[in-house]
Amino acid sequence: MPKISVEVPAELLEDLDAHVGEEGKFVNRSEAIRASVRKTLDILDDIDERQGRLDDEQ
């Protein structure tokens with residue numbers, strides 16, 4: 001799996017960390033970030049589909 005490096009504002013990281021750990025929805029930050037990216041891409045795909053911008057090949 002490729003690794004990337006990004007700068008994240010402290011307030012976003014604090015919000016993210018509230019959902020990570022034994023009491024959270026995610027096991028670790030990486031899982032939380034991957035889930036967030038996947039959800040964002042799904043939303044963008046929905047928007048593109050409604051706007052007729054998706055190819056039938058996807």
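This is a predicted model: local features need pLDDT of at least 70, side-chain atom pairs count only at pLDDT 80 or more; totals for chains, interfaces and linings use all residues.
**Exercise 1.** Find how helices α1 and α2 are oriented to each other, and which residues make their contact.

*Solution.* 
Step 1. Locate the helices. Helix α1 covers residues 10-17, and helix α2 covers residues 29-50.
Step 2. Take the axes. They come within 10 Å and cross at roughly 105 degrees.
Step 3. Classify the angle. Angles of 65 to 115 degrees count as roughly perpendicular. Helices α1 and α2 are therefore roughly perpendicular to each other.
Step 4. List the contact. Leu13, Leu16 and Asp17 come from α1. Arg29, Ala32 and Ile33 come from α2.
Step 5. Sort by class. The contact has four nonpolar residues, two charged residues and no polar ones.

**Exercise 2.** Find the salt bridges in the structure and say how exposed their residues are.

*Solution.* 
Step 1. Side chains of opposite charge can pair when their charged atoms come close.
Step 2. Set the cut-off. The nitrogen must lie within 4 Å of the carboxyl oxygen.
Step 3. Search. The whole structure holds three salt bridges.
Step 4. Take Asp17 and Arg29. Their N to O distance is 2.7 Å. Asp17 is in helix α1 and Arg29 in helix α2, 12 residues apart, so this pair links distant parts of the chain.
Step 5. Take Arg38 and Asp42. Their closest N and O atoms are 3.3 Å apart. Both residues lie in helix α2, four residues apart, about one turn of the helix.
Step 6. Take Asp48 and Arg53. Here the closest N and O atoms are 2.9 Å apart.
Step 7. Check exposure. Partly exposed lies between under 20% (buried) and over 50% (exposed). Asp17 has 30% relative accessibility, so it counts as partly exposed. Arg29, at 40%, is partly exposed. Arg38 is partly exposed at 44%, as is Asp42 at 35%. Asp48, at 23%, is partly exposed.

Technical notes. Residues are numbered from 1 along each chain as its sequence is written. Side-chain values use heavy atoms; hydrogens and water are left out. Axes are lines fitted to C-alpha atoms, for helices over the stretch in contact, and angles run from 0 to 180 degrees between N-to-C directions. Helices (H or I, at least four residues) and strands (E, at least two) are DSSP runs, numbered from the N terminus. Angles under 35 degrees count as roughly parallel, over 145 as roughly antiparallel, 65 to 115 as roughly perpendicular and the rest as oblique. Contact means heavy atoms within 4.5 Å. Ala, Val, Leu, Ile, Met, Phe, Trp, Tyr, Cys and Pro count as nonpolar, Asp, Glu, Lys and Arg as charged, and the others, Gly among them, as polar. A salt bridge is a side-chain nitrogen of Lys or Arg within 4 Å of a carboxyl oxygen of Asp or Glu. Buried means under 20% relative accessible area, exposed over 50%, partly exposed in between (1.4 Å probe, protein chains only).
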